[in-house]
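Visitor: Can you walk me through this one? Please start with the terms.

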Amino acid sequence: MTVEGTAAAARKPRRSSKRTSAAKTPQRSEPQLVQLLTPEGERVEHPDYSIDLSAEDLRGLYRDMVLTRRFDAEATALQRQGELGLWASLLGQEAAQIGSGRALRDDDYVFPTYREHGVAWCRGVDPTNLLGMFRGVNHGGWDPNSNNFHLYTIVIGSQTLHATGYAMGVAKDGADSAVVAYFGDGASSQGDVAEAFTFSAVYNAPVVFFCQNNQWAISEPTERQTRVPLYQRAQGYGFPGVRVDGNDVLACLAVTRSALERARRGEGPTLVEAFTYRMGAHTTSDDPTKYRADEERAAWEAKDPILRLRTYLEKQEFADAAFFTALDEESEKLGKRVREAVRAMPDPDPMALFDHGYADGNSLVDEERAQFAAYQASFADSAEEGN
């Protein structure tokens with residue numbers, strides 16, 4: 001070929017083949033899942049994470065999950081009855097929360113979202129205190145410093161920044177405690193989470209980022225939020241990430257305990273992705289049947305975290321019929337106590353909405369208060385006219 005022919009060939013546009021296009025597509029690496037208890041209730045070992053629990057410890061974890069689920073079911077029912085304005089169920093995520101929650105020391109600090117009812121249980125927060133905000137009678141019914149468990153955070157992802165800042169302070173104080181920030185797969189797309197990852201890595205903060213990947217950010221599936229498994233994102237920030245079977249309470253306990261110990265040793269943050277599933281609605285205002293298939297839920301029902309631990313307890317004869325019967329009775333007592341406590345709460349005062357926006361008052365708020373008061377009074381006037 002002449003020089004001119006070579007130049008012409010170089011100028012000639014080349015057709016892109018399907019093979020070339022496919023080569024440019026980022027390839028997903030196979031996720032590595034830490035599991036110590038299979039869905040069939042079989043105990044397995046992992047080279048990096050081991051755990052040795054007594055029969056009493058195992059029964060305690062089972063009790064935690066059962067009572068948490070019972071409380072959650074009661075709260076959902078109360079919302080349907082009009083006693084709560086909203087509720088965010090944790091159904092299906094009990095193992096992720098109880099396993100990680102029981103890995104904590106008393107001096108560790110937790111920054112939750114609005115669904116960590118199981119972690120709250122592990123921190124000793126009375127379940128009835130979780131319900132005041134959802135009834136509209138307070139902004140959080142507990143003192144965060146009493147249990148080292150922060151108030152629920154509604155703004156998606158912001159608590160990861162709070163946790164990082166707190167962890168940086170812990171390090172400067174020279175304490176050997178650690179911090180855990182809980183968030184969901186949907187929050188992983190928020191800028192706040194990216195900033196928290198950056199700051200925690202740069203300042204080597206003793207924080208564990210615990211992501212409960214329940215597959216759905218309301219109606220948005222995980223594959224529309226990331227091209228790689230979530231735990232692999234940590235690599236880009238310079239700290240380790242690990243994916244754990246979020247329906248395996250033993251694995252969640254072992255992995256979180258390891259991440260917390262690493263933080264206490266001054267080795268910085270860890271991202272834990274608990275691969276689980278939200279069995280119910282995002283909140284009681286949501287209808288999951290609009291965007292996901294019944295077959296998907298059925299497949300995850302077979303991986304139920306409570307059922308797999310019960311199967312293991314029964315196979316190993318670590319729990320007898322009397323234990324399960326007593327726990328059923330305790331569950332019903334808890335449900336009754338929660339139900340009575342909520343119904344005894346006062347109805348929220350609609351006018352209180354305007355009371356604490358400004359310390360010294362504001363003319364615009366005063367005007368809005370007057371308009372809303374007139375609006376409320378119109379219902380009473382209509383009722384009188386009807387009589």
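Guide: Helices (H or I, at least four residues) and strands (E, at least two) are DSSP runs, numbered from the N terminus. This is a predicted model: local features need pLDDT of at least 70, side-chain atom pairs count only at pLDDT 80 or more, and totals for chains, interfaces and linings use all residues. Residues are numbered from 1 along each chain as its sequence is written, and side-chain values use heavy atoms, with hydrogens and water left out.

Visitor: Where is phenylalanine 199 found?

Guide: Phenylalanine 199 sits in helix α9, residues 191-202.

Visitor: Is phenylalanine 354 buried or exposed?

Guide: Phenylalanine 354 is buried, at 12% relative accessible area. Buried means under 20%, exposed over 50%, partly exposed in between (1.4 Å probe, protein chains only). Phenylalanine 199, at 43%, is partly exposed.

Visitor: Where is phenylalanine 354, and what is it in contact with?

Guide: Phenylalanine 354 lies in the loop between α14 (321-344) and α15 (363-386). Leaving aside neighbours within four places in sequence, phenylalanine 354 is in contact with Val365, Glu368, Arg369 and Phe372. Contact means heavy atoms within 4.5 Å.

Visitor: Switching to α8. How many residues has it?

Guide: Helix α8 (158-173) has 16 residues. From first C-alpha to last, α8 reaches 23 Å, close to the 22 Å expected at 1.5 Å a residue. That expected span is 1.5 Å times one less than the number of residues.

Visitor: What do the buried residues of α8 pack against?

Guide: They pack against β2 (109-111), β3 (179-184), α9 and β4 (207-213). Among these buried residues are Ala163, Ala167 and Val170.

Visitor: And what follows α8?

Guide: Glycine 174, with a positive phi near 80°.
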